Amino acid sequence: MLGGGCGDLREEPLATWGSGPRSMGLETAGQPSVTLLPTPNSSGLGEEFEGPWPERSPCVAGIIPVIYYSVLLGLGLPVNLLTTVALARLATRTRKPSYYYLLALTASDIVTQVVIVFVGFLLQGAVLARRVPQAVVRTANILEFAANHASVWIAVLLTADRYKALCHPLHHRVTSSPGQTRQAIGAVLSAALLTGIPFYWWLDVWRDADLPSVLDEVLKWAHCLLVYFIPCGIFLVTNSVIIFRLRRRGWSGLRPRVGKSTAILLGVTSLFTLLWAPRTFVMLYHLYVAPVHRDWRVHLALDVANMVAMLNTVVNFGLYCFFSKTFRATVHQVIHSVPLPCTPRSRLKGAVVDPVLLKPLGLSRRAEL
């Protein structure tokens with residue numbers, strides 16, 4: 001899978017949580033040691049379910065990952081749905097490419113939360129305790145990596161759009177129609193699905209008992225390159241050029257004006273770079289230095305790195321609200337447009353409403369995200 005919560009929580013049924021080293025097959029005082037049969041670093045395609053697990057490092061995080069992911073999903077999914085409705089209204093009203101890109105980014109974050117956090121971490125890992133057919137696990141791998149690739153590379157599209165808007169404004173006006181924007185988003189989503197197919201053969205890091213094969217090494221490096229190193233390189237170059245252009249305007253005597261879209265872009269890309277850095281480097285450390293199942297410190301580091309990386313799916317809402325007054329006003333409209341079930345019908349019937357008040361709150365044309 002893309003990366004589990006706690007490896008042991010995903011391997012043991014719920015009844016054994018918190019049972020300590022005895023539930024992990026390690027020697028304890030007064031108890032005979034139990035040696036789990038090792039499994040090779042590959043699985044036969046004919047096996048329906050996963051085989052026995054090799055000896056592994058103890059899970060020192062306990063049940064904390066399950067609580068964390070439950071809270072993350074319970075709070076993050078409604079927030080992202082609210083963000084989707086607000087951005088859809090803004091995109092329909094203004095037809096600006098940046099709103100379409102932010103809408104696609106939020107939609108991919110929702111898919112990531114459902115597929116990775118709910119299906120992967122909670123349902124498959126904690127509830128079902130990994131007792132699922134290999135075909136289901138590997139198919140879920142494709143969806144998990146595809147959702148992850150889509151989220152990252154849509155952010156790359158947003159970066160390219162802001163770069164063209166600031167550095168090549170005339171070209172941006174010609175090539176930034178809603179139709180072309182939707183085509184670019186569709187191309188990225190299709191490419192994300194295609195690049196997720198090879199990860200059907202991805203082996204969970206919790207099971208890497210042997211030295212990594214050539215396929216394992218290629219897939220792990222492809223994951224790090226597609227998700228982190230290449231996108232972050234693009235973010236670094238384009239954001240540096242944007243900041244340099246703004247500073248040069250200040251040097252020439254003009255007031256450097258940082259638009260809301262540019263501020264949001266810098267915030268989104270910076271947070272992604274910071275939140276995904278731990279997982280990427282722990283993955284490479286696991287690949288070449290110490291495997292997760294042998295060293296409890298690497299085990300704990302990957303648990304924490306996965307939790308930090310998934311936090312990236314819920315923080316964008318705060319950025320949008322902080323930088324954009326337009327977005328805050330639209331969210332306010334969305335919330336107040338939802339009818340409350342506790343409102344008495346008699347009050348609605350007898351209320352006399354001024355028709356002027358029924359008009360939606362207008363937003364200034366100059367207000368931009």
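Residues are numbered from 1 along each chain as its sequence is written. In this predicted model, local features need pLDDT of at least 70, side-chain atom pairs count only at pLDDT 80 or more, and totals for chains, interfaces and linings use all residues, while side-chain values use heavy atoms, with hydrogens and water left out.

Me: What makes up the secondary structure of the protein chain?
Reply: The protein chain has 12 helices and zero strands. Helices (H or I, at least four residues) and strands (E, at least two) are DSSP runs, numbered from the N terminus.

Me: Why is helix 2 called roughly parallel to helix 9?
Reply: Helix 2 (residues 64–94) and helix 9 (residues 296–310) pack at about 5 degrees, with axes 11 Å apart. That angle makes helix 2 roughly parallel to helix 9. Angles under 35 degrees count as roughly parallel, over 145 as roughly antiparallel, 65 to 115 as roughly perpendicular and the rest as oblique. Axes are lines fitted to C-alpha atoms, for helices over the stretch in contact, and angles run from 0 to 180 degrees between N-to-C directions.

Me: Which residues of helix 2 and helix 9 meet?
Reply: From helix 2, Pro65, Tyr68, Tyr69 and Leu72 meet Asp303, Asn306, Met307, Val308 and Met310 of helix 9. Contact means heavy atoms within 4.5 Å. The residues of this contact divide into seven nonpolar, one polar and one charged. Ala, Val, Leu, Ile, Met, Phe, Trp, Tyr, Cys and Pro count as nonpolar, Asp, Glu, Lys and Arg as charged, and the others, Gly among them, as polar.

Me: Why is Trp201 called partly exposed?
Reply: The relative accessible area of Trp201 is 42%, and Trp201 is therefore partly exposed. Trp201 is found in the loop between helix 6 and helix 7 (214–251). Not counting residues up to four places away in sequence, Trp201 touches Arg138, Leu215 and Leu219.

Me: Where is confidence lowest and highest in the protein chain?
Reply: Confidence is lowest in helix 1 (residues 7–11), at a mean of 42, and highest in helix 6 (residues 178–196), at 94. These values are pLDDT, the predictor's confidence in each residue, from 0 to 100. The protein chain averages 77, and 68% of the residues score at least 70.

Note on methods. Buried < 20%, exposed > 50% of the residue type's maximum accessible area, 1.4 Å probe, protein only.
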